[in-house]
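Good morning, and thank you for joining this group meeting.

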Amino acid sequence: VVLLVGAAAVWFATNSVRRTPPAAGTVDFAAPLPVPELAPSRVEDGVRVFDLSAQEGTTAFVPQGETATLGYNGSYLGPTLVAARGERVRVDTVNGLSDPTTVHWHGMHLPAAMDGGPHSPIAPGASWHPEWVIDQPAATLWYHPHLHGRTREQVDAGLAGMFLVRDDEEAALALPRDYGVDDIPLIVQDRAFNPDGSFAGGIGMQFDGVLGDTILVNGVIAPHLEVTTERVRLRLLNGSSARMYDFAFADGREFDLIATDGGLLEAPVPSESIPLSPGERAEIVVTMTPGEQVALRSAAPDPDLHAGSATFDVLELRAAESLGDSPEVPAHLTELPTPDAIAAAPERSFEMSGHEINDREMDLGRADFTATVDTSEVWTVRNDNPLPHSFHVHDTQFRVLSVDGEVPPARLAGYKDTIALEWNREYRLLVRFEDYADASTPYMYHCHLLWHEDQGMMGQFLVVEPGQQPDLTRPEGDSD
Ligand code: C2O
Ligand code: CU
Ligand code: CU
C-alpha cells in the first residue's frame with residue numbers, strides 16, 4: 001500500500017502542472033477592493049423579483065490585455081442577491097451567452113425544479129423563472145452555473161455571485177451588518193493568465209482542475225479594503241474550482257468565526273485560521289486598531305487537502321486613523337438542535353475515488369437513490385484517494401455527526417452543505433430532506449472540485465412522498 005501511494009504521489013507530482021501564487025509579503029495591494037453591487041429587486045404581487053442576465057464580456061485584470069470573461073449583469077461575477085426568510089422570491093434569469101447554462105442556488109433549500117442543476121438548462125437567448133419561498137436561517141449562500149460537464153468552464157470564466165439570506169434572529173444580534181461598509185463579501189478565486197491576458201484554463205487539469213498563480217478577490221488581484229469600523233465582518237467564499245485555502249491573518253491574530261455554510265454557529269469560535277474547500281463559506285469578525293494594516297493570507301493547507309503549499313496573500317485590511325465603534329461580538333449567537341442520529345432512517349455510504357462515487361460516474365438518466373420527504377438519513381462519506389475531494393449536497397444543510405468517530409471540530413458544528421474530505425477519514429453526516437417532493441427532478445450530490453464534478457464525480461437523488469414511485473426524467477436535449 002505504501003509503495004502504491006508513493007508511486008501515485010510521484011506520478012501526481014510529475015504529471016500535474018501547478019502554479020503557485022507569489023510568496024506572502026511580495027504584493028502591494030494597490031487596487032481598492034470592489035464590493036459586488038446589491039441586485040436591485042421589485043415586489044410584484046408579493047413576490048420579490050430579481051433580474052439576472054448571464055453575459056459575455058471582457059475584463060481588465062492584467063496590464064498585458066483584456067480577458068474574455070462571463071458575468072451576471074456585467075462582465076465578471078454577479079450582483080449580491082439579498083432576501084429575507086419567509087419571502088417568496090423569483091429570479092428572472094436570461095441566458096445571454098452563446099452556450100446553454102444553468103443557475104444553481106448553492107446552499108438553498110428549494111424545490112428540485114428550481115434548484116438550477118443540470119436538469120434545468122437554459123438555451124442561448126432563453127429565460128428561466130425559478131420561484132420559491134426562502135425558508136432557512138440567515139446565511140451566506142451563492143449561485144453559479146451547473147451545466148452538465150461544463151460547470152468548471154463557466155464558473156472559471158466568471159459566472160458566480162453571492163446570495164445572502166437574512167432573518168429576524170440574526171438581525172437582532174449586535175453584529176456588523178452594513179453591506180459594503182462593515183459587512184464585506186469576499187469571493188476568492190485563483191486564476192492563471194496567458195501572456196496575452198486570456199485565462200489559462202487548461203493548466204494542471206489532469207487531476208484537480210485549475211490551480212492558478214493569481215488570486216482574485218471580487219474579481220481584482222491583491223486588493224485592499226479600507227476599514228472604517230472597529231470590527232468588520234468578512235463573508236468568505238472559496239469560489240475557486242480546485243484550490244483549498246486556509247485563511248489566516250499575517251500577524252496570526254485571532255478572529256471570531258461566527259457562521260459557516262448554512263448560517264450562524266451557536267457561539268463565536270475564536271480562531272487563528274479557517275480552511276475552506278471550493279464552495280464552502282465562512283463568516284468571520286475581525287477586530288482592527290486605528291491606522292493599522294494587516295494582510296489576510298492563505299497558509300499552507302493540510303497536505304492531505306493538497307494544493308500549492310506556499311503561504312500567499314489574498315487581501316490587505318487598512319484601518320482608518322479613526323474607527324467607528326462596533327459592539328462586542330455576542331457570546332451566544334443561536335440555538336442549534338443537537339444532531340441526533342437515532343431517529344434517522346436509512347444509512348448510506350459514499351466512497352469518493354478517482355472521478356467516481358461508489359465506483360460510478362454521474363448519469364443524468366439514473367437516480368442513485370430515493371429519499372423520503374420529511375425524513376433524516378445518516379450518510380457516511382469517505383475519500384478513498386490521496387487526492388483532494390469534497391462533498392456537497394443540494395437542497396439541504398447537514399450536520400456533521402463525527403469525523404473518524406470523534407466529535408467534529410467546532411468549525412464543523414453548524415449547518416454545512418459542503419465539506420472537505422481529508423484522505424481516508426470517515427465523515428458521518430446527518431442529512432434531512434424537508435418540504436419538497438418531486439418524483440421526476442433530482443437533486444445532486446458531488447465533489448465540489450469542479451473538474452472532478454464535470455468528470456462524473458457526482459450523483460443524483462430524488463426526494464419523494466412516502467410510497468411514491470420515482471420517475472426520473474432526463475433533461476431535454478440530453479441524448480446519451
Ligand atoms: Cu455549488 Cu452542485 O453546486
Ligand atoms: Cu449546490
Ligand atoms: Cu474530487
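Predicted model: local features only at pLDDT ≥ 70, side-chain atom pairs only at ≥ 80, totals over all residues.

The protein chain contains four helices and 32 strands. Its C-alpha atoms occupy a box of roughly 65 × 55 × 50 Å along the principal axes. How does the radius of gyration of the protein chain agree with that of a compact globule? For 480 residues, such a globule would have a value near 23 Å, and the protein chain has 21 Å, which agrees. Of the 480 residues, 49% are buried. Among contacts with a separation of 6 or more, 79% are between residues 24 or more positions apart.

Let me now turn to the domains. The domain assignment gives domain 1 as 2–28 + 174–324, domain 2 as 41–171 and domain 3 as 347–464. The contact between domain 1 and domain 2 takes 26 residues from domain 1 and 25 residues from domain 2. On the side of domain 1 that touches domain 2, the elements giving two or more residues are strands E11 (183–191), E15 (231–238), E18 (263–271) and E20 (281–287).

There is also a database record to consider. An unreviewed UniProt entry lists "domain: Plastocyanin-like" for residues 59–169, 213–289 and 351–464. In the model, residues 213–289 are 0% helix and 66% strand, with the end C-alpha atoms 31 Å apart. Residues 351–464 are 5% helix and 49% strand, and there the end C-alpha atoms are 24 Å apart.

Next, the interior. As background, nonpolar side chains in soluble globular proteins tend to be buried together. The largest nonpolar core here has 111 residues, of which Leu186, Val188, Val217, Leu236 and Ile258 touch the most other members. Strand E22 (residues 312–324) gives the most to this core, with six residues. What does Leu236 touch, leaving aside residues up to four places away in sequence? The list is Leu186, Val188, Phe247, Leu276, Arg281, Ala282 and Ile284.

I move on to strand E23, residues 347–353, and its pairings. Strand E23 runs parallel to strand E26 (residues 375–383), and six bridges join the two. Within that pairing, Phe350 stands opposite Val381 in E26. E23 is also joined to strand E24 (residues 356–357), this time antiparallel and by two bridges. There, Met352 has Ile357 in E24 as its bridge partner. The hairpin of E23 and E24 has two residues between the strands, and in it Gly354 takes a positive phi near 60°.

In general, most residues other than glycine have a negative phi. Phe29 has a phi near 55° and lies in the loop between helix H1 (2–15) and strand E1 (41–44). Asn73 has a phi of about 60°, and its place is in the loop between strand E3 (65–72) and strand E4 (81–84).

Are these two residues buried or partly exposed? A residue is buried if 20 or more other C-beta atoms lie within 10 Å of its own. Phe29 has 19 such atoms within 10 Å, so Phe29 is partly exposed. Asn73 has 20 C-beta neighbours inside 10 Å and therefore counts as buried.

Thank you for your attention.

Note on methods:
Residues numbered from 1 in each chain as written. Chains lettered and ligands numbered in written order. Buried ≥ 20, exposed ≤ 12 C-beta atoms within 10 Å, placed from the backbone. Rg over C-alpha atoms; globule rule 2.2 N^0.38 Å. Contact = placed C-beta atoms within 7 Å. UniProt positions renumbered as here; feature names shortened; annotations may be inferred. Pairing = 2+ DSSP bridges. Core = buried A, V, L, I, M, F, W, Y, C linked by C-beta atoms within 7 Å. Domains from an automatic or database assignment.
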